[in-house]
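Me: I would like to learn how to read a protein structure. Can we take a few features in turn?
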Amino acid sequence: IIMLKNNLKKISIVSLTLATFLSVLTSCNEKTTNKNKLELWTMQLKPTFNDYMNKVIADYKKENPEAEIEWVDLPSKEIEQKTLTSIAGGKSPDIVNLNPNFSSKLAEEGALEDLEPIVKENVKKTYLPNIWKSSSISNKTYGFPWYLSTALTIYNKELFTKAGFDKAPSTFEDIEKMGLAVKEKTGKYIFMPNFGDSGKFLEYMVQDGIELLSEDKTKAVFATEKAEKFLNFWIDLSKKGIIPKDCITQGHREAVDKFQAGETAFLVSGPQFLNMIKQNAPQLYDKVGISSQLTGNSKKVGVGVMNLVIPKASKNKENAVKLAQFITNDKNQLEFCKLVTILPSVSNSLSDPYFTKLSEKPTLEENARKTSSEQLKNATVLLPSINKWSELVKIFDLNFQQAFLGQQKPKEALQKAQDEWNKLLSEKKI
């Protein structure tokens, strides 16, 4: 900023006047020639889904012949930074494909358009109510839900049969009893929770009915007896050898590897990993069963959401909203779901026979699709969308890890994490 100011001082009055005049002309020209132009940014869809996206765009242009759409696809590692840069530079795209967590950060900075007063009620009602709320903050909504994913319990039927069970656990409470039997009869772990992944234990807490924040999301409230008991439950599972001790540092990739190697009896993962198992461990694939996502006392099921947001800097918000609604309508979502293992965010698509019916001899993938679509009724984004979330998660994960490894008592770890959260949450934005 200081360098920029110094440089500006060196510009002559004549040059500055000329530059300003040309800028105005360019701006007027853009508004005239780009009146119907929309710039759409998506995340990692090219080249796999070129045909699909080009067809969606072509279909939209048939209904809106004056529309001009520039589709830009970016890697997932780049889209957030490029979105920030474009908004800050005043050259924002009109629609961006993001996740609710990053969308909330932009929304809190006032960078996204609130859809509530713009989108008609009959359109809002086409989306699953709990999913529409996933992009809401303080009664404002900043994203059109697009495609979804929910994890399932993928289990080794052979190991559970040897342990005396005909199904996998459905709740956290089932794990201890069934885990002891699996360990005794097979010598294997029942599963490996990927606690090495950021915020994983916080998700489990929410699924067990433990509140993380006050209703207004301004204070942490998780340092309770219930949370202490829940933390001790998982520590005890590790001490008893029911789950691997190194799960505290291991992520989802390692959990998949252990399951494919036959070292664990079940895996919590998305249905897309069935193809990986089929390719990497065909001998295991024939033994695999599917059941709904492992959860806790709240019965909540976690869901991953991708949405489409409208930056406030968009020059054509009205048409941007129109295109976003078109991309996420029931017809287009259903077609997308038939190309890749995802779920739709609209009720009409979800009620299609593709999700509700099974063939006479259903494949594992068919069962997975039906089970994952059925559990969307209780699905929600488990972790809150609030400012400084990444910092809050790091604080919690550090204290959780220390408690799990015996370096802190669980009660003290929870209290310390809560105190640090409240200190951070109380700080005013700069």
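Me: Which residues does Trp-234 touch, not counting residues up to four places away in sequence?

Reply: This is a predicted model, where local features need pLDDT of at least 70, side-chain atom pairs count only at pLDDT 80 or more, and totals for chains, interfaces and linings use all residues. Residues are numbered from 1 along each chain as its sequence is written, and side-chain values use heavy atoms, with hydrogens and water left out. Contact means heavy atoms within 4.5 Å. With that sequence limit, Trp-234 touches Phe-172, Ile-175, Phe-191, Pro-193, Phe-195, Phe-201, Tyr-204, Ile-243 and Phe-404.

Me: Which residues touch the most other members of the largest nonpolar core?

Reply: In soluble globular proteins, nonpolar side chains tend to be buried together. A nonpolar core is a set of buried Ala, Val, Leu, Ile, Met, Phe, Trp, Tyr and Cys residues joined through side-chain atoms within 4.5 Å; buried means under 20% relative accessible area (1.4 Å probe, protein chains only). Here the largest core has 71 residues, and Phe-191, Met-205, Phe-222, Trp-234, Phe-396 and Trp-421 touch the most other members. Helix α20 (residues 389-404) gives the largest share, eight residues. A separate second core of 61 residues includes Leu-38 and Met-306.

Me: In what order do the six strands of the open sheet lie?

Reply: Strands of a sheet pair through backbone hydrogen bonds, either parallel or antiparallel. Strands (E, at least two residues) and helices (H or I, at least four) are DSSP runs, numbered from the N terminus; two strands pair if DSSP finds at least two bridges between them. The order is β2-β1-β3-β11-β6-β12, with mixed pairing. β2 (68-74) and β12 (343-344) each have a single partner strand, so one side of each lacks a neighbour in the sheet. Strands β1 (residues 37-43) and β3 (residues 95-98) run parallel, joined by two bridges.

Terms used: Buried means under 20% relative accessible area, exposed over 50%, partly exposed in between (1.4 Å probe, protein chains only).
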